[in-house]
Amino acid sequence: MVRSFTRNSILASALCAVAMLAAGCWNSSAPRPLPLVSQRALGDTSFVYYVPFESYPKGEDFAQLPIGVTGEPLDAAIITDRLMRADFFNNITGAPGADGVADFAGENFQCLFDAANAPYDGYNRYGHQDFLIETSVVNSLFLMSDKYFNLAADRHKRGEKLPVKHIVGASWESAANVKTETDTLLLLSGCGVRYTSISDCVNRFEQNLPDVPQCIGVLSSFPLPALKENIKTHFFVQNIYDVDACLLGNEAYADSTAVSCRENYEGPVLGLQDNNIQLSYLDRYRFNTNKHGILYSFDQGQITKIQLNSVENYLRFHIVSMLQAHRSGVYSTPISKVMLCTYHAPDIREMVERLLAEMYDFKSDGVYIFRKSLAQNVEIIDPTDYMVKECYQSLRLSGMLALRTEKTGAQIFVTVPSPGTREENLLTEGSFLHDYKYSRQAAQDSISYKAVPVSSRHIGFELGKHLSECAPTTYQLLKNSL
């Protein structure tokens, strides 16, 4: 049963704000109601996620607060790493341009690995996006609170921490509505905290596009918000989830020990669909055969199977597919920008640049077949850079950078199932059963998970390996805190 509010004016303000935000921010004909968890967090002092926003730190005390990052564990760790190592601005003047000093030098970070609710893609697939929105709001409320559960079994929050001054939503799977709901909560709270969403950076990129005819390539590992194509801008989107899978060591996509086609392969296959490998394009893919990077099966001298077995060959396939999509249409301009929507953009950027240059110079029967589809100098765009810059500029312009000389630090928490969860809803290692995880309903009184300080038992071998490779700075701080 929902408890009554202690501040009745909150509800009226909420409805008013929601109506205004709905008119300007949501692509919907009807305003969305403020999530129940937000309503209660703003006005119900007995609610577990209630935050006394009226006593939130102000001024210099606010500036000294940490920056919060929340999302799926690897996502949150990578984004924290990018923030800690970013150098896009002059630290003294604030002007664009690296100065050899990390932009967030001296800042502290508070990171929430949402392990209990990951991976997020299941909520959209099973029609429970409302639960994902609620979870994201709850995680933001945790970062803004000053207390936490020391152990999942605790009934009361006894640990004390600082609230955060800025929140970064690190997961692409958190839909645009998550940012809208969180922005609404922050507006109503009046605490001064702002929210930057990695998934919103694609929209920010679109908003800044010049009003001229152009074609843009998108290599994305994640489902993107609908790209607002118009008569002057055309997007060519390739899903490169398989590239991320290779980089993370998923043997269903690349197996360094394989010397022939294998049964567990899940990458592109031969076929005539746009997402298939096409035999007629073999001269264009120019697959690299070194170290069994490409695997073939033959029957009477004819190729019957092709399996990609390296990051480079996956990228070759996707880049050629993108260029062929452009060639199949009538466009007035070549692809002049390629956006890398993947957390591994820094790892593949140079390879993408090299392959694009190779395709620009590729000849077939003496003809440069891709020069009408590809500009000579292609701009490579990493939307994560937009997120880092936006976070820095928001704090800089508001005068809320800490400007400390101490080393950067990080406090890391992780979500775990609540002890009251029934055994039939848990796997043997203690995580949520898949069907239960994605069947949970929003707007319930029960608490299915809690955030607690991270410990070594929460970081298994596989996650630890990925963290050490993809987020080394975050991983070192994590190791120091265990």
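Mentor: A helix crossing is left-handed if the near helix is turned anticlockwise from the far one by less than a right angle, and right-handed if clockwise. By that rule, α4 and α13 cross right-handed. This is a predicted model, where local features need pLDDT of at least 70, side-chain atom pairs count only at pLDDT 80 or more, and totals for chains, interfaces and linings use all residues. Numbering starts from 1 along each chain as its sequence is written, and side-chain values use heavy atoms, without hydrogens or water.

Five of its six residues are buried, so β2 is largely enclosed by the rest of the structure (buried: under 20% relative accessible area, 1.4 Å probe, protein chains only).

β2 has strand partners. β1, residues 67–71, runs parallel to β2 and is joined to it by five bridges (pairing takes at least two DSSP bridges). I67 has F109 of β2 as its bridge partner. β15, residues 409–417, also pairs parallel with β2, over six bridges. There, Q110 faces Q411 of β15.

Between β1 and β2 the chain passes through helix α4, residues 73–85, in a right-handed β-α-β crossover (clockwise from first strand over helix to second, strands pointing away from the viewer).

α4 packs on α13, residues 383–397, at about 60 degrees, axes 10 Å apart (lines fitted to C-alpha atoms over the stretch in contact; angles between N-to-C directions, 0 to 180 degrees). I79, R82 and L83 of α4 meet T384, D385, M387, V388 and C391 of α13 (contact: heavy atoms within 4.5 Å).

Terms used. Buried means under 20% relative accessible area, exposed over 50%, partly exposed in between (1.4 Å probe, protein chains only). Helices (H or I, at least four residues) and strands (E, at least two) are DSSP runs, numbered from the N terminus.
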